[in-house]
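The structure is shown first, and the description follows.

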Amino acid sequence: MKGATLRVEAALALALAWTLVFLVPLRHMRRLFGVVTGPTGNGAPLPGPVLARAQAVARRVDRVAGRLPWQSTCLVRAVAARLLLARRRIDGGIIRFGIRKTDGALEAHAWLILGGTILMGGEEVETYAPLADLAAAGRRTVR
């Protein structure tokens, strides 16, 4: 795929992710993405080429999200990246949810982990207490 095509693909994935996050009930998202569990491990390490492809997808989603006319939250970005990884047959992504307390207010955050590497939302992740993972049960990363 060429650069412009990849950017359009990322924009479409972000639009779909926004729709899934804000308009589709969680029970339907579970059918697409797997089960919600307590925080588990970070997944098995990936071969270098697979990890490089996954990181390129995550960077592209972040770049495109910053240029769209709507706000793409951390969860929208993580869902979009996970959709694009699945399109490339790279399974095993874990969307992790966490919270922290800042000045008496609770803040939530979501980040995407693949093969022990945080692909999306890694900034300040150590300040959040992990609550749950959204991960496909029994699926493994391929290629």
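## Strand pairing

Two strands are said to pair if DSSP finds at least two bridges between them. The model discussed here is predicted. Strand E2 covers residues 94–102 and strand E3 covers residues 105–114; the two pair in the antiparallel sense over 9 bridges. Within this pairing, Arg-100 has Glu-107 of E3 as its bridge partner. The hairpin of E2 and E3 has 2 residues between the strands, and Asp-103 takes a positive phi near 50 degrees there.

E2 also pairs with strand E5 (residues 129–135), again in the antiparallel sense, over 5 bridges. Here Ile-95 stands opposite Leu-134 in E5.

## Helix packing

Two packed helices are described by the angle between their axes and the distance between the axes. For helix H3 (residues 48–65) and helix H4 (residues 74–87), the angle is about 135 degrees and the axes are 9 Å apart. Angles over 145 degrees count as roughly antiparallel and those from 65 to 115 as roughly perpendicular, so H3 is oblique to H4. The crossing in which H3 passes H4 is right-handed.

## Helix contact

Which residues of H3 and H4 make the contact? On H3 they are Ala-54, Val-57, Val-61, Asp-62 and Ala-65, and on H4 they are Arg-77, Ala-80, Ala-81, Leu-84 and Leu-85. The residues of this contact comprise 8 nonpolar, no polar and 2 charged.

Methods. Residues are numbered from 1 along each chain as its sequence is written. This is a predicted model: local features need pLDDT of at least 70, side-chain atom pairs count only at pLDDT 80 or more; totals for chains, interfaces and linings use all residues. Side-chain values use heavy atoms; hydrogens and water are left out. Axes are lines fitted to C-alpha atoms, for helices over the stretch in contact, and angles run from 0 to 180 degrees between N-to-C directions. Helices (H or I, at least four residues) and strands (E, at least two) are DSSP runs, numbered from the N terminus. Angles under 35 degrees count as roughly parallel, over 145 as roughly antiparallel, 65 to 115 as roughly perpendicular and the rest as oblique. A crossing is left-handed if the near helix is turned anticlockwise from the far one by less than a right angle, and right-handed if clockwise. Contact means heavy atoms within 4.5 Å. Ala, Val, Leu, Ile, Met, Phe, Trp, Tyr, Cys and Pro count as nonpolar, Asp, Glu, Lys and Arg as charged, and the others, Gly among them, as polar.
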